[in-house]
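Here is a structure to read through questions. Each answer sets a value against its rule.

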Amino acid sequence: MNASTMTGAQRCSARDWIVDLSMFLLALAFAVMTSLELPGASPPGAGAGPELVPPGPPSTWFEGAGRLAAFLACLALWWRRRWPVQLAVILVLVSAVFTLAMGAMLIALFSLAVHRSPRTSLAVFGVSAATAYLHAVLWPDPHLPLLVVVLLSVAIQGAVIGWGLTVHHRRELVESLRDRAVHAETEAQLRAEHAQHQVREAMAREIHDVLGHRLSLLSVHAGALEYRPDAPSAEVARSAKVIRESAHQALQDLREVIGVLRAPVGELPQPTMADLHQLVEEADEVGARVEFAEEYTGTVPERAGRTAYRIVQEGLTNVRKHSPGADTRVRVKGAPGEGLVVEVLNGRSPEPRPPSSGSGSGQGLVGLAERVSLASGRLEHGPAAGGGWRLYAWLPWPV
């Protein structure tokens, strides 16, 4: 049963009432017009030939039965949605005897073809074709041969069945298109949620890279003040200045991130290779003694430059966390066609790590490895000779 089939528990809409009333009136009009064309009716076989039954006055009782059967057939059309198969079979059999019920029978065939499968409709059509022959035998036409009458009746019923099947297939097509639209909308929503999830992951990664660098400065200097409360006043003032500036810069970065999150469309602010100098200068200001070497020619691609910046940023952040005060060397070299090499190498820390610096969870290197992988590059990290740490990455640089 398709979606258009109504059960007794379902309520009819205003359109259904209008259609049912129209079908009832149409079948009733067909019965009235047929009765006017046939002023008298005799029992089946009465007009088959003068040798069977001599012509006589019309049979009043049979005419009344035919009109009553036609009215009941028209009235039964109100239940054609509830019992389309049963009603169609009954009206097919009734129309074989009573001509006035043929209009209701055609409407029942049409409704059957609309609301049931083609196999069921064609099966009932076979029964109606057989009853068409029976009707032609019981009510012979004096002007047309029997075969012509049967073929004409079968053609009319076949046209009605074909029209109903066309409506049936059209409704199925509309329903399938509606289902496809719903599925497409669901898939689009899932894709949007997936894209939103990816954007959130990217934003979380950016927040880690942007704020992690700033907050590591606060952690290092706050830990140094806690670890060395007897430090000279000049050093305390210098550390306090760095803490204040880093906190202010972290607040600015956080405002930029929140601004992007509130915007309907936009991206997080992305650094470039030109920002590497400022990054190294900030590291120098906190006493990390960073040596910066640039050994590349040409314009670094935007994606490679952004990834290189994040590599250096993560490397310097880890140096401050795990090897405060260690000598660090940052080297960036490469050329178009050869790739871009980024290396952050630090030695052993000359002083113990402040207690407040924390041990770290290692998630920064995990996110960095994912970022480098997305850029089709390679990332290596591990202990270096002399007790330090080495962070090495190669990024593609197309010609």
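**Cavities, rings and a serine**

About 60 Å³ of space lies in the largest cavity. This is a predicted model, where local features need pLDDT of at least 70, side-chain atom pairs count only at pLDDT 80 or more, and totals for chains, interfaces and linings use all residues. Residues are numbered from 1 along each chain as its sequence is written, and side-chain values use heavy atoms, with hydrogens and water left out.

Q: What makes a space a cavity here?
A: On a 1 Å grid over the protein atoms alone, a cavity is a set of points where a 1.4 Å probe fits but cannot get out. The volume is the space filled by probe spheres set on the points, which are joined across faces, edges and corners. The structure holds 2 cavities of 30 Å³ or more.

Q: Which residues line the largest cavity?
A: Lining residues have an atom within 4 Å of a point. Among them are V92, M102, S128, H135 and Q157. Helix α5 gives the most, with 4 residues. The lining divides into 5 nonpolar, 6 polar and no charged residues.

Q: How many aromatic pairs are there?
A: The count comes to 2. Rings of Phe, Tyr and Trp (its six-membered ring) pair if their centres lie within 6.5 Å; planes under 30 degrees apart count as stacked, over 60 as edge-to-face and the rest as tilted.

Q: What makes the pair of F110 and W163 tilted?
A: The centres are 4.7 Å apart, with 50° between the planes, and the pair is tilted. F110 lies in helix α4 and W163 in helix α6, so the pair ties together parts that are 53 residues apart in sequence.

Q: Why is the pair of Y296 and W397 called edge-to-face?
A: The ring centres are 6.4 Å apart and the planes stand at 65°, so the pair is edge-to-face. Y296 is in strand β1 and W397 in the segment after β5, 101 residues apart.

Q: Is W397 buried or exposed?
A: Buried means under 20% relative accessible area, exposed over 50%, partly exposed in between (1.4 Å probe, protein chains only). W397 has 5%, so W397 counts as buried. Y296, at 23%, counts as partly exposed. W163, at 55%, counts as exposed.

Q: Why is S128 called buried?
A: The relative accessible area of S128 is 0%, so S128 is buried.

Q: With which side chain does the side chain of S128 make a polar contact?
A: The partner is the side chain of Q157, at 2.8 Å. A polar contact is a pair of N or O atoms within 3.5 Å; within protein, one must be able to donate a hydrogen and the other to accept it, and residues adjacent in sequence count only if both atoms are side-chain atoms.

Conventions:
1 Å grid on protein atoms, 1.4 Å probe; cavity = no way out; pocket = protein on both sides within 12 Å on 5 of 7 lines; lining within 4 Å. Helix = DSSP H or I, 4+ residues; strand = E, 2+ residues; numbered from the N terminus. Nonpolar A, V, L, I, M, F, W, Y, C, P; charged D, E, K, R; others polar.
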